[in-house]
Amino acid sequence: MLKKALFICFILSSFISSSQEIVKEFNLKLARKRNFFQVTNENSKEVILFLNDKEKVSSIRFDNKFEIKDSISTLRPEKKYTEIIGYSQKDQNYFLFWGSKDRNDINVQSFNFLTKETQAKPITLELKKEKVIKEITINNTFYLISIVKNSSILKFYTSDENGNLNEKMVDLTKFQFRNKDGQNVNLYNVLFEVFEEHFIQTIHNDSPPSLSFSSKKLKAYAYKNDEIIFTFDNNTDQTTILKINLNNFTPTLKSIDQPKITQSSSDFSIPKSNSFLIDDKILQIKTNPSFLFLTISDQNGNKINEFKTLREEEISYKNSDVFQEAGSISNKKVLEKPKQFIRKINNSNPGISCYNLNGLYYVVIGSSQDIARGGGMAMGPGFGPGFSGSPISFGFTSTYTIGNLISYKGKNVVYTNCLFDSSFNHINAEVKTSAFEKARLFLEENEEISEKISLIGKDIYEDLIVFKFNSSLYLGNYNNDNKKYQIFSFSE
């Protein structure tokens with residue numbers, strides 16, 4: 001069994017190594033402490049690489065062939081602005097939003113590549129009786145979203161074309177939300193009823209979300225330009241979908257029922273459930289020690305397809321073996337017995353992930369759980385700052401994708417791959433290796449890069465960027481040995 005698992009990893013690793021291509025390498029001398037992130041502009045076909053260290057913020061602009069067009073630098077804001085929480089972009093103006101720890105103070109840095117000018121301005125937010133729940137950029141607009149304590153009132157602080165933050169209130173008091181016990185409560189109670197879930201996981205469409213991300217009970221989807229969608233799977237009987245129109249800030253709320261599982265009086269196990277949204281469809285998973293349900297519906301609750309697997313049965317719709325990874329791809333093995341899969345995902349945090357490639361739906365079903373460390377301590381769900389507390393809120397695409405890429409480190413993950421047509425009928429065909437998986441394998445096998453990755457320190461984000469551009473996936477990394485920045489491409 002072990003030999004089979006190692007053989008699979010070796011073949012995949014050899015294939016990935018040959019499929020990766022370096023597209024750009026240029027000289028760059030950097031300070032010791034630094035952070036990168038990038039912004040892609042598909043309209044003008046350019047990529048902006050931002051680099052900040054303890055003294056300055058520099059931006060480098062590339063064309064679609066990664067030739068350097070120009071660069072701009074400015075001083076870093078004062079220390080009370082602890083981190084970049086997002087960005088916005090309008091024409092040739094790019095805005096970086098720096099936030100204080102409590103987010104009451106915001107510093108907005110602007111970079112204009114037409115005039116070659118930079119500006120900075122402070123903004124004070126009166127976040128009285130409010131908790132920030134999400135920082136996110138959608139369609140080049142930055143949103144800081146808070147909730148008024150003990151209420152169902154959201155506040156959106158939205159960037160405009162000049163980098164200002166304008167407040168919009170969304171009152172959800174008329175809607176009914178349910179807690180994990182099925183009782184009607186306000187939205188604040190849903191968001192904060194479980195300590196581990198003081199965090200809404202962002203889901204972007206620039207890379208296939210890992211099970212580590214998609215297994216979260218609270219998620220925010222940013223795949224539409226004019227809408228943000230929140231899903232709540234805190235109650236195992238249903239998935240609640242909250243949509244906010246970002247043009248007029250009108251809300252809609254729907255609940256999609258999960259399958260009913262009849263349990264015997266001697267069965268005290270609690271079912272677990274989760275969901276995933278894609279292309280106006282919802283995929284729902286529900287498990288107990290004896291069953292696995294996969295249901296696909298439209299977002300009005302009309303069922304498209306459903307699959308039910310008993311504990312002793314093979315999963316009829318899977319297109320690969322069932323794998324288990326313990327902390328890394330190198331610790332990957334095949335699970336032989338079907339009941340192992342259902343038992344393991346039900347004992348962990350079940351999740352489902354999906355992405356659309358050329359009209360086919362690639363689905364991953366499984367679970368993700370922190371690996372316990374010495375002394376009974378478990379890995380936290382985030383990385384870098386806030387490691388021992390709440391997870392990092394990945395506010396913009398670049399850090400989201402890096403977090404996604406490395407999210408299986410320190411995790412025990414069980415999964416299988418499935419393939420469906422546009423109507424979610426199962427297809428019996430080979431599942432191709434995605435560009436994202438190629439980048440993930442490349443990152444782990446590349447010693448020069450992987451040595452820099454620390455599970456408990458900030459340096460995990462120091463040099464890496466990952467982004468989608470011109471239908472390809474790119475990974476950027478700084479080579480300390482030869483003082484060059486390198487960009488690699490991975491194709492589907």
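**Notebook: salt bridges, cavities, a helix face and cysteines**

I counted 19 salt bridges in the structure, taking a salt bridge as a side-chain nitrogen of Lys or Arg within 4 Å of a carboxyl oxygen of Asp or Glu. The model is a predicted one, in which local features need pLDDT of at least 70 and side-chain atom pairs count only at pLDDT 80 or more, while totals for chains, interfaces and linings use all residues. Residues are numbered from 1 along each chain as its sequence is written, and side-chain values use heavy atoms, with hydrogens and water left out.

**Entry 1: salt bridges across the chain**

I looked up Glu 67 and found its side chain in a salt bridge with that of Lys 24, at 3.5 Å from N to O. The two residues are 43 apart in the chain, with Glu 67 in the loop between β4 (56–62) and β5 (68–75) and Lys 24 in strand β1 (residues 21–27); helices (H or I, at least four residues) and strands (E, at least two) are DSSP runs, numbered from the N terminus. I noted Glu 67 as partly exposed at 43% relative accessibility and Lys 24 as buried at 16%, where buried means under 20% relative accessible area, exposed over 50%, and partly exposed in between (1.4 Å probe, protein chains only).

Next I took the salt bridge between the side chains of Arg 103 and Glu 83, which is 3.0 Å from N to O. Arg 103 sits in the loop between β7 (93–99) and β8 (105–112) and Glu 83 in strand β6 (residues 83–90), so this pair ties together parts that are 20 residues apart in sequence. Arg 103 is buried, with a relative accessible area of 11%, whereas Glu 83 is partly exposed at 34%.

I then turned to Asp 237 and Lys 286, whose side chains form a salt bridge of 3.9 Å, N to O. Here Asp 237 belongs to the loop between β18 (227–232) and β19 (238–245) and Lys 286 to strand β22 (residues 281–288), 49 residues apart. The relative accessible area is 35% for Asp 237, which is partly exposed, and 2% for Lys 286, which is buried.

**Entry 2: the largest cavity**

Which helix gives the most residues to the lining of the largest cavity? I found that helix α6 (residues 435–445) does, with three; a cavity here is a set of points on a 1 Å grid over the protein atoms alone where a 1.4 Å probe fits but cannot get out, and lining residues have an atom within 4 Å of a point. Among the lining residues I listed Ile 329, Tyr 408, Lys 409, Arg 440 and Glu 444.

**Entry 3: helix α4**

In helix α4 (residues 338–346) I noted Phe 341, Ile 342, Ile 345 and Asn 346 as the buried residues. They cover an arc of only 115 degrees around the axis, which puts them on the same side of α4; the arc is that of the directions from the helix axis to the C-beta atoms.

**Entry 4: cysteines**

I counted zero disulfides, a disulfide being a pair of cysteine sulfur atoms within 2.5 Å. Cys 354 is in no disulfide, and its nearest cysteine sulfur, that of Cys 418, is 9.8 Å away, which is too far for a bond. I recorded Cys 354 as buried at 3% relative accessibility, and Cys 418 as buried with a relative accessible area of 1%.

Terms used. 1 Å grid on protein atoms, 1.4 Å probe; cavity = no way out; pocket = protein on both sides within 12 Å on 5 of 7 lines; lining within 4 Å.
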